[in-house]
There are 4 protein chains.
Amino acid sequence: MNKNKFAITPPMGWNSYDYYDTAVNEEQVKANARYMAENLKEFGWEYIVVDIEWYAYDAGSQRKQYQYIPFWKVEMDEYSRLLPCVQRFPSAKDGKGFGPLADYVHSLGLKFGIHIMRGIPREAAHAHTKILGTNATANDIADPANICDWNPDMYGIRPDAEGAQEYYDSLMSLYAEWGVDFIKCDDICRMDMPTAKKEIEMLYQAIQKCGREIVLSLSPGPAKIEEAWHYETYANMWRITDDFWDSWKHLLPMFWRCELWQNHVSEGCFPDCDMLPLGKLGMGFGEEWECKFTKEEQVTMLTLWSIFRSPMMIGTELTKLDDWTKSLLTNAEVLRLLKYSNGARQIERDDKHAVWCSMDTEDNTGYLALFNLEEDKTTICVPWNRVEDYGIYGKKGKELWSGEEIDLTGKESILVPGHGAKLIKIY
Amino acid sequence: MNKNKFAITPPMGWNSYDYYDTAVNEEQVKANARYMAENLKEFGWEYIVVDIEWYAYDAGSQRKQYQYIPFWKVEMDEYSRLLPCVQRFPSAKDGKGFGPLADYVHSLGLKFGIHIMRGIPREAAHAHTKILGTNATANDIADPANICDWNPDMYGIRPDAEGAQEYYDSLMSLYAEWGVDFIKCDDICRMDMPTAKKEIEMLYQAIQKCGREIVLSLSPGPAKIEEAWHYETYANMWRITDDFWDSWKHLLPMFWRCELWQNHVSEGCFPDCDMLPLGKLGMGFGEEWECKFTKEEQVTMLTLWSIFRSPMMIGTELTKLDDWTKSLLTNAEVLRLLKYSNGARQIERDDKHAVWCSMDTEDNTGYLALFNLEEDKTTICVPWNRVEDYGIYGKKGKELWSGEEIDLTGKESILVPGHGAKLIKIY
Amino acid sequence: MNKNKFAITPPMGWNSYDYYDTAVNEEQVKANARYMAENLKEFGWEYIVVDIEWYAYDAGSQRKQYQYIPFWKVEMDEYSRLLPCVQRFPSAKDGKGFGPLADYVHSLGLKFGIHIMRGIPREAAHAHTKILGTNATANDIADPANICDWNPDMYGIRPDAEGAQEYYDSLMSLYAEWGVDFIKCDDICRMDMPTAKKEIEMLYQAIQKCGREIVLSLSPGPAKIEEAWHYETYANMWRITDDFWDSWKHLLPMFWRCELWQNHVSEGCFPDCDMLPLGKLGMGFGEEWECKFTKEEQVTMLTLWSIFRSPMMIGTELTKLDDWTKSLLTNAEVLRLLKYSNGARQIERDDKHAVWCSMDTEDNTGYLALFNLEEDKTTICVPWNRVEDYGIYGKKGKELWSGEEIDLTGKESILVPGHGAKLIKIY
Amino acid sequence: MNKNKFAITPPMGWNSYDYYDTAVNEEQVKANARYMAENLKEFGWEYIVVDIEWYAYDAGSQRKQYQYIPFWKVEMDEYSRLLPCVQRFPSAKDGKGFGPLADYVHSLGLKFGIHIMRGIPREAAHAHTKILGTNATANDIADPANICDWNPDMYGIRPDAEGAQEYYDSLMSLYAEWGVDFIKCDDICRMDMPTAKKEIEMLYQAIQKCGREIVLSLSPGPAKIEEAWHYETYANMWRITDDFWDSWKHLLPMFWRCELWQNHVSEGCFPDCDMLPLGKLGMGFGEEWECKFTKEEQVTMLTLWSIFRSPMMIGTELTKLDDWTKSLLTNAEVLRLLKYSNGARQIERDDKHAVWCSMDTEDNTGYLALFNLEEDKTTICVPWNRVEDYGIYGKKGKELWSGEEIDLTGKESILVPGHGAKLIKIY
């Protein structure tokens, strides 16, 4: 299996984290899936991803003190593999795991994904539970000093231990059986621990063996640019930023991050700008809030993610989607860039603005994105010589957010709102 | 209680680690104590210290793979406190802990010490066991990301959690009950984890409350010089080097380390050069070996430790002590420096040699130590002007290892063997 | 001017440094140029580059103490611009600079390049000499703390000072007048000093203004991968390693360096593996030596440089070229990769071997390079699945160093000598 | 000569920098000396120190752009030694240097000091001027890459070059001839450049040879605690902070810095908290301002400097001294601590307060300093157990700033103003 064929264009979907934190349940996941199938699927959205701690009892119940309750009960099978907690995922009862939920999602014409943490449950290591297909037990492969510094659930794995690859194989085999299409593996992308690099390779091998085309997504960022080749060889997407939230101080550095990774976007290989924190957010974090980005900043985010071709995972409760946000997520001409553009390059950037270009691979047009990084509106001078050096020569344009047609002949500069963006298709 | 009165001069004793690693047992401890009482006590040696993992089942049994078997059975009471493993310490049965062994050591006129790891047993955290005197349980005070990177037994403690100070109080209360005189707390001195500094303070408070004058020794090094005041305020001795072993590449940097800490030696406050790896060593590490230092290097080590006034803990099986090594450990005129000298200062050092001075606080004499840091013997030019600036004016000398009297009048230089030392008392 | 058109494929030429150090003279440069014109030009070699300190009096005369004699006389015009030292470049007399030498090189159908150091001569700053086209003098734009830590000739420039851009403009204007085709700017690529990034931009602007298509090469490396976009925007080639010499410990890390930069090779943008230290070397460094690479290592170097598409600058005295080395530098089928291949990617690498692929852009073939990183010969298992995933499906092969035809059907592995390489064209 | 006898207690004096920056002149120095002789000498103040760039022409004349004008004219003798600029020091004419000014200062019963920069003038290196007593010239010993990053005047010296020690010898010989009593050597204490450590040793040797007891003061800080022994061996005082100015954000960290260095204060060895920025300040920096410390903060500074026993150099124009500031600088009971106290130790410190103790070496009393590090006044609980552990048992007290007598019997806490201090002498 060529892993680059598992995700030929950047994955698009929904993820439970930004709204539910650890506490999402089966009904909520289904409701979001139904919404997607009915309203978003036609625009390319297809993944439904259950994020962190679906295996944990009482997840979210001590939120004031802990995001992840340490040393707490988790659902686990006899082979040291975590299972969905039936408190929140009743269809998982009788050892069915995520099979029934995956079936439901598939029945809507969508794909199903889950989050996992690198490693093996601490509970398993202390209990010396079995590993499928070997004589080793969890304590043999768990490394007591190899931990995640923000989540207490797992021990990292000794890559050289007998049973190590088998454990990851047993996980992917189970997920394939359930019908999982997408794995977001956490505590691995930033390579905080020295074994992380090897564990990425083990995950890759396990997917190759499992017989199912499972997309492999790595978190959290920032990924290490000096390991670009490694990510490209073994994974489909990798986070290039730490958790991204709805504030300008998170959005501004993304221009630098995309600059850094722009040459590393290709079929099956997608540097990942993280989820889209739009609409209603944060209910599981304590109290629901409305996305704090201005409308212009939301346009900026989606323009950058689109032209850069980041994967897009919506982080909101879809059933509460407002019209404005929905309009952003259903602009076919913008979303087309994820599927049909290529070779995006930043052609200019300073503290005040950024300019990007890319080419449409099908209709022989070009794209030009202008970003105003300052608070006040300004006219950005278009560097036409560089646009032409890039290979775009057309003189007719259409701004894709407004739909406005623009005659570019002699057009020296374009007005862009503060923290806003213009995305122009050029014929 | 003024902690500086617990150890007015540098502690002297024996420690099980260098010979037994994790695997020492009660009979072996007793045999070493008897030897000390009969042969060494009169020279000031008095502490018998049981080092790491006295609580661990099967300690040392998987030595080829693990120094410390992870996720393994430990002896623990209902209050999350480790107890001696009865496999190796039968007198600890029926919950008597180290009481009987401490009594035995005391009966010989000696003092009894134990090693502990910073934190609370991982086993306790996962089992939610109780903490004496509070409603908190072990999982409430254990921090899942606060671990030791070389030993798997414990979790560090959240200093602000309810029950944290109480847990350390309960430990010291138990140790005081047993009759412990000396605690070597490990994984704390180097402050690898951010809570270590607070945990040192908690140990100090716990000792103050326990009613027994327990000497507090911190490991492993190197201690942080920028925390000198903290160590001086809360502890009695602190390691200024990582584990010290019998090779010149370990010994040479001690001159720099002692230079760094020379102004920080005072009553109750002793920078610690680590144990003396002399005689037979390493049986518990796989195979017994003979100390790899040359005789001259052994003299150098003891001269430096003496004039600097490091604590001295012998790391060998005492019952196998050879005559040469014994002669080093029973040279009263040399060991006198630990008790009666003060204000040691390096007065010269380069890549080839080092010179130290100190004053005897009782008999109005001075000490001069000359160290040859090169492989070949050489005559070291005595910097008399600096010796006098230091305050030593006498002209009669006695070299304390050989007993040779020296007329220092007009003596410009002194022959010192390669890697060797001369220690001269000056009248 | 689109700088990417100045060097559509990786520059190929000769550089004086590896053989002459600072001390090359006009006759020697001419002799090498003649050799190139007669023997190498037809294979694509075209640049003749005079390396460091062509302006310095007595260069090389105190070689035992100094590579670069500090505070020594340099040739300089009234506008603070360095000129060729007439001691070694007699044709430069009467202010003609490198004009006559450039003319000579051009007359042979070749291109002419020179090395410069970032900044303005220290001599100029202390003498307050003029800057062409401004009222500022050298002391106004020189920054006294902005120096090169290995060469004493220059001060870096304050980018914001009046006269700063004008100084670089005046340099490029002079070089354009002389007929320079290639500038190797040193002390700039690694961005050791904070102004280096701005000085690269100033060089770019000066070249744009000068009216001549001058290729801009940046040294020394390693370039910073996180500044990839900056190099791509403003320069033509940038060193990805510190000075490269003829030893395996220099060659081995190039696999990692090429891995790091593989996605950053494109028209006009070439990560630079540094000069080829082949044949006779080092005369100016003290005593001439023969290239210390084994023949296999030389093949490895040229194979990697070729498939990666590094610029190639020969670092030897060409008139002394032996047959073997000449055969390496005139293998048209190998050198074709610089001109007609594209998209090189490493598809496998571990401690023992590396495998690269690229596509020929003209004849629809692929290239496969196998590298044995160990000392002993070994058969490298060809990862055909990855070769196919890359897009190469042919079954007929030709090894380009030996000329041997290979039937790849069912060919699982290929024998490669220790530290050697096989470069296979696949039909 | 024993350098520890040059300054048995911490030097006290005046320094031109805080008020005049680079631009002080002879008349101003004399006026300050006269004021000191008449008003402050009886309280122990005795040094008059001319700070940076007394050799520079036009110093201060381009203050908006440069603190130190680069590449500018300096006064220098034929032996590469800087001389006072006669623009500002007319008595230096005819090669008399600072001799006449030193004589004047001595005639008032005071001592005379000057600032120097580490190294040899850049001007000398470029001009190849002579070095007294050798055949070497300045370019032979100057290191072109060894510079100060904030001042452009000098090149550091190659310690191994012939002529290096001779140059420093020639400086000290000249200064001794002038009658200099105190050298503040800058760009050396922090050891920014690798030769700094050796240059300190060279300065020490030069002073030993010059025949005059010249106090050696090293700047700027922070000094490196791991080099404590080196400073103690070769210098009299060394800055433990970067430039100290009149703001709480500078004062607060001094508690941590003094904690760090408290064990390193002894006869002839004084960690230096830097000048006292009191009264009127900054005229040479652009515009005169009034000390921005609150009165309480000034008391805190002087209390800490006194009990810690930092050297004290007043940084103001003395002739403009107001009554309040003068009262601080003439409190004999407080200043007594510099002369007659010893062994100061911090006995308690947290984010809110600090407590220090020291002993008077003559009258058998103790000192207790309480510092309130918060903005609001508070009662600080006196840790009597630690005061007693330190060795202070008296029950009668006198607060030395107010003169108030305090009965300490049963006194549990003492009210201290926000950012203020109480300094209590205890009988």
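This is a predicted model: local features need pLDDT of at least 70, side-chain atom pairs count only at pLDDT 80 or more; totals for chains, interfaces and linings use all residues.
Two copies of a chain are related by a rotation about an axis and a shift along it. Here a rotation of 180° superposes chain B on chain A, with 0.0 Å of shift along the axis. The RMSD of this superposition is 0.0 Å. The two copies are thus related as by a two-fold rotation axis. Within chain B, B:His126 has the C-alpha nearest that axis, at 4.1 Å. The copies meet through the same surface, because 100% of the interface residues of chain B are also interface residues in chain A.

The contact between chain B and chain A draws on 20 residues from chain B and 20 residues from chain A. About 1700 Å² is buried between the two chains. Carbon and sulfur atoms give 61% of that area. On the chain B side, the residues that lose the most area to chain A are B:Phe71, B:His126 and B:Pro144. Together they account for 41% of what that side buries.

Zero salt bridges are found between chain B and chain A. Eight residue pairs are in polar contact, both residues having pLDDT 80 or more. Two elements of chain B, α4 (122-127) and α5 (138-141), each give two or more residues to the side that touches chain A. The largest share, four residues, comes from α4(B).

Chain B also touches chain D. This contact takes 20 residues from chain B and 20 residues from chain D. The buried area is about 1800 Å², with 44% of it on carbon and sulfur atoms. In chain B, the most area is lost to chain D by B:Trp229, B:Asn263 and B:Arg386. These three make up 35% of what that side buries. Four elements of chain B each supply at least two residues to the side that touches chain D: α8 (228-234), α9 (248-261), β13 (341-349) and α13 (384-390).

The cysteines were then examined. The whole structure has zero disulfides over all chains. A:Cys210 is in no disulfide, and the nearest cysteine sulfur, that of A:Cys185, is 14 Å away. A:Cys210 has a relative accessible area of 19%, which is under the 20% limit, so A:Cys210 counts as buried. B:Cys85 is buried too, with a relative accessible area of 0%.

In chain C, one aspartate was followed through its surroundings. C:Asp360 is found in strand β14 (residues 353-360). Its relative accessible area is 5%, so C:Asp360 is buried. A polar atom of the C:Asp360 side chain lies 2.9 Å from the backbone nitrogen of C:Glu362. For the backbone nitrogen of C:Asp363, the distance to a polar atom of that side chain is 3.2 Å. Neighbours within four places in sequence aside, C:Asp360 is in contact with C:Arg336, C:Tyr340, C:Ser341, C:Thr365, C:Tyr367 and C:Lys425.

Most residues other than glycine have a negative phi, and most peptide bonds are trans. Some exceptions are listed here. A cis peptide bond joins B:Ser219 and B:Pro220, with omega about -20°. B:Pro220 is found in the loop between β7 (215-218) and α8 of chain B. In chain D, the peptide bond from D:Gly221 to D:Pro222 is cis, and its omega is near 0°. D:Pro222 lies in the loop between β7 (215-218) and α8 (228-234) of chain D.

Positive phi values occur at B:Asp21, near 55°, and at D:His128, also near 55°. B:Asp21 is in the loop between α1 (17-20) and α2 (26-40) of chain B. B:Asp21 counts as buried, at 0% relative accessibility. D:His128 is placed in the loop between α4 (122-127) and α5 (138-141) of chain D. At 29% relative accessibility, D:His128 counts as partly exposed.

Conventions:
Residues are numbered from 1 along each chain as its sequence is written. Chains are lettered from A and ligands numbered from 1 in the order in which they are written. Side-chain values use heavy atoms; hydrogens and water are left out. Copies are superposed by least squares on the C-alpha atoms of residues with pLDDT of at least 70 in both. Contact means heavy atoms within 4.5 Å. A disulfide is a pair of cysteine sulfur atoms within 2.5 Å. Buried means under 20% relative accessible area, exposed over 50%, partly exposed in between (1.4 Å probe, protein chains only). Buried area is the accessible area (1.4 Å probe) that two parts lose on being put together, summed over both. A polar contact is a pair of N or O atoms within 3.5 Å; within protein, one must be able to donate a hydrogen and the other to accept it, and residues adjacent in sequence count only if both atoms are side-chain atoms. A salt bridge is a side-chain nitrogen of Lys or Arg within 4 Å of a carboxyl oxygen of Asp or Glu.
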